[in-house]
Amino acid sequence: MNAKNQNEVAQGALEFEYDLAEPPEKVWRALTVPELLAAWMMPNDIRPQAGSRFAFAGPEAPIECEILDAEPERLLRYSWREQPGDATRQDPLDSTVTFTLARTFSGGTHLRVVHDGFASKAMPAVAMAGAGCRLSLGLHKAGMPLAANTPRLLRAA
């Protein structure tokens, strides 16, 4: 991963950053073990190996994914392609999701989540996505931003 990917967020991307008490090993499992990922996301058949394909059982249709990068306990990046259930819809969501994990001084995990290509097509869902991530991770404290780049995203809309 180069410095641009690590520190810059593309226009139209959602970015979330969290400090979790759990160590990277546990967070990695929550991202890569199908049953654990399904508990906070959607049913899936993920295998965290570069080049492997998997699918989420989306609410309307499967979401097809491919692992682009997988560095255990450090980095998980995959493509995300929603297949619209409505045949008249010609604009499936093609995007990339990146999870970056770093051990904190206290032994927990700094988790950075970037969903590139999502916000430009789904701006009305930005608030829902942020709220869902916060609730899933137990981070629904008052005053926490929905996404680290929410003000920039709202200005772009």
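Mentor: Happy to! Buried means under 20% relative accessible area, exposed over 50%, and partly exposed in between, using a 1.4 Å probe and protein chains only. This is a predicted model, where local features need pLDDT of at least 70, side-chain atom pairs count only at pLDDT 80 or more, and totals for chains, interfaces and linings use all residues. Residues are numbered from 1 along each chain as its sequence is written, and side-chain values use heavy atoms, with hydrogens and water left out.

Trainee: Great. Is Glu-15 buried or exposed?

Mentor: Glu-15 is buried, at a relative accessible area of 11%. Glu-15 sits in strand E1, residues 14–20; strands here are DSSP runs of E with at least two residues, helices are runs of H or I with at least four, and both are numbered from the N terminus.

Trainee: Which side chain does the Glu-15 side chain join in a polar contact?

Mentor: That of Arg-112, at 3.1 Å. A polar contact is a pair of N or O atoms within 3.5 Å; within protein, one must be able to donate a hydrogen and the other to accept it, and residues adjacent in sequence count only if both atoms are side-chain atoms.

Trainee: New topic: how many helices and strands are there?

Mentor: Five helices and six strands, in the order α-β-α-α-β-β-β-β-β-α-α from the N terminus.

Trainee: And what is the average pLDDT of the chain?

Mentor: The average is 77, and 62% of the residues score at least 70. pLDDT is the predictor's confidence in each residue, from 0 to 100.
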